Amino acid sequence: MAATRTFSIIKPDATKRNLTGKVTQMLEDAGLRVVASKRIQMTRAQAEGFYAVHSERPFFGELVDFMISGPVVVQVLEGENAMQRNRDIMGATNPADAAPGTIRKEVAESIEANSVHGSDSDENAAIEIAYFFNEDEIVG
Ligand code: ADP
Ligand code: MG
C-alpha cells in the first residue's frame, strides 16, 4: 500500500513539559515519518479557525484558550495508512480511556490537555495540512 499523509499537533501541555522529542519518538516508533515540522505560537484566530468544527461544543472556548497557552509543534506525518496509524498511537481522547502504550495514556494530563491532535480522516488531513503548511515545506 502506498504511503499517505496525516496532520499532527503536539499540544502546549506536551511542549511545556519538554516532551516534543518523546512524543515524536513514539510517532516514529509507530511507523510514521515526520516530513514537515515547525514550532509555532498559534494566534486565537488561527486556533478558532482550526477547531471551527467544534465551535458549538461547550468546551470550545477553553479548548482555544488551551491551544494558544503555549507553543505547539505542527507536523505532517507520512506512512502506510498514516491517518489511522496516528490515531492508533495517539489513543482515546480521554487519557483515562486510552490503551497502555499510547501517547495519551503515557503522557497526557486530561481530556483537554491530551498532548496530541491527529486528523480523523484523509479528507480532513489534507485540509489541516494545507492550513499550516505550503507544499514546498513538506519534504518526504
Ligand atoms: P480528538 O482530539 O481525539 O479527535 P475531538 O476531536 O472530539 O477529539 O476533540 C478535540 C479536542 O477537544 C480534544 O483533543 C481535546 O483537547 C478537546 N476536548 C474534547 N472533548 C473535551 C471535553 N469533554 N472537555 C474538554 N476538552 C475536550
Ligand atoms: Mg478530532
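This report describes how ligand 1 is held in a predicted model and the pocket in which it sits.

## Basis of the model

Because the model is predicted, local features need pLDDT of at least 70 and side-chain atom pairs count only at pLDDT 80 or more, while totals for chains, interfaces and linings use all residues. Residues are numbered from 1 along each chain as its sequence is written, chains are lettered from A and ligands numbered from 1 in the order in which they are written, and side-chain values use heavy atoms, without hydrogens and water.

## Surroundings of ligand 1

The residues around ligand 1 include Lys-11, Phe-59, Thr-93 and Glu-112; a residue is near if one of its heavy atoms lies within 4 Å. Polar side-chain atoms lie close to oxygen atoms of the ligand as polar contacts (N or O pairs within 3.5 Å): the distance is 3.1 Å for His-54, 2.9 Å for Arg-87 and 3.0 Å for Arg-104. The protein covers 81% of the 530 Å² of accessible area that ligand 1 has on its own, by the Shrake-Rupley method with a 1.4 Å probe.

## The largest pocket

Ligand 1 sits in the largest pocket, with more than half of its atoms within 2 Å of the grid points. A pocket is an open set of points on a 1 Å grid over the protein atoms alone, where a 1.4 Å probe fits, with protein on both sides within 12 Å along at least five of seven lines; lining residues have an atom within 4 Å of a point. The lining has 26 residues, and Tyr-51, His-54, Arg-57, Leu-63 and His-117 lie nearest the centre.

How values were computed
A polar contact is a pair of N or O atoms within 3.5 Å; within protein, one must be able to donate a hydrogen and the other to accept it, and residues adjacent in sequence count only if both atoms are side-chain atoms.
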